[in-house]
Amino acid sequence: MPNEPVEIKVTLSEKVPNALSTLGLDGGSPIQIWFLEDTTPGVRPPLPLLAAGIALRLRSGPSKNDSTIKLRPCRRTQLTPKWSTNSPDGKRYRLEQDWAGKRRTLAASSVQQLDHGRIEAVTSNGNELGTLFDDHQKQFLQDCANLRIAFAGLTPLGPITAAKWKNITIGDFDTEVDAERWTFGDIDFLELSIRAESDPDKHQSRFEEAIRAQGLSFRAEQEPKTSQILAELISAHHAE
C-alpha cells in the first residue's frame, strides 16, 4: 500500500451534457488553464516537457490563481531527500499516488499562489514566464526533473476552459467526489475524482461501482487529461 494519499480518477465516456444532467450538475466554478511547453519547430518528441514527465501549469479563476510544477510519472529515485516527503500542510509541495483504471503513477508537485490577474498579464506577452514560478519551485525542478528548462524559451498554450464542482454526491456513495470539465477545440470531457488516505483498492472499486449505478460509463483506457489536452493545444498552436 502506498505511503502517500491516493487520488482516484475516472474520465467518463458519456457526452458531457448528458453526464452533467445525470449527476445534477450545472454551472461550476470557472477556471482558465494554460500549459507551458517547448514549441521549437521540428523538435522531437513534439511535446518534450510532457515526454519527460514534466507539466508546467497555470490556473486562473475567481478563487484560484496559481502555478504548478508537476512531475508525473515520477520515480522515487529522482527525488532528492529534500523532496522525498510532503510539506507539512500538503499544499506547498505534495506527493501523491495518481490512479486511473489500471494506471498507477506517483506525482510530485510544487504550487505557488499568485495575485489575481498576474497570469493573464504575463501570458499576454510571454516574456516573463519565469516570474510566475518562485525559487522553491525552480529548485524543485532543478533538483528532480530529467530535463533542463529555460523558462524564456517556453510558450504558453491555452487557455482552455474548465469548470469544477467540489464535494458532490453520487447516489449512495458515502465519499465526497470532485468533478472537473475541460473543453478546448474538439476536446470536451468530464473527470470525477476522490481522495483516499487508506485502502485505495477498495475505494476505487466502490467509486467505479457507484458511477456505473448511475448509468454512466467510462473509458477502459484512462489517459491523463493533461496529455489529452496538450495534443490538441500543440496542434492548434502549429496551425496558427
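**Aromatic pairs in a predicted model**

Both Trp-83 and Tyr-93 are buried, that is, under 20% relative accessible area with a 1.4 Å probe and protein chains only. This is a predicted model, in which local features need pLDDT of at least 70, side-chain atom pairs count only at pLDDT 80 or more, and totals for chains, interfaces and linings use all residues. Residues are numbered from 1 along each chain as its sequence is written, and side-chain values use heavy atoms, with hydrogens and water left out.

Visitor: How many aromatic pairs does a search of the whole structure find?
Guide: Rings of Phe, Tyr and Trp (its six-membered ring) pair if their centres lie within 6.5 Å. Planes under 30 degrees apart count as stacked, over 60 as edge-to-face and the rest as tilted. By a search of the whole structure, the number of aromatic pairs is seven.

Visitor: What is the pair of Phe-35 and Trp-182: stacked, edge-to-face or tilted?
Guide: The ring centres of Phe-35 and Trp-182 are 6.0 Å apart. Their planes stand at 50°, so the pair is tilted.

Visitor: Are Phe-35 and Trp-182 buried or exposed?
Guide: Phe-35 and Trp-182 form one aromatic cluster with Phe-189. As for accessibility, Phe-35 and Trp-182 are both buried.

Visitor: What is the pair of Trp-83 and Tyr-93: stacked, edge-to-face or tilted?
Guide: The ring centres of Trp-83 and Tyr-93 lie 5.1 Å apart. Their planes are at 65°, so the pair is edge-to-face.

Visitor: Which residue lies over the face of Trp-99?
Guide: A charge sits over a ring if NZ of Lys or CZ of Arg is within 6 Å of the ring centre and within 35 degrees of the ring normal. At 3.8 Å from the ring centre of Trp-99, the residue over its face is Arg-104.

Key:
Buried means under 20% relative accessible area, exposed over 50%, partly exposed in between (1.4 Å probe, protein chains only).
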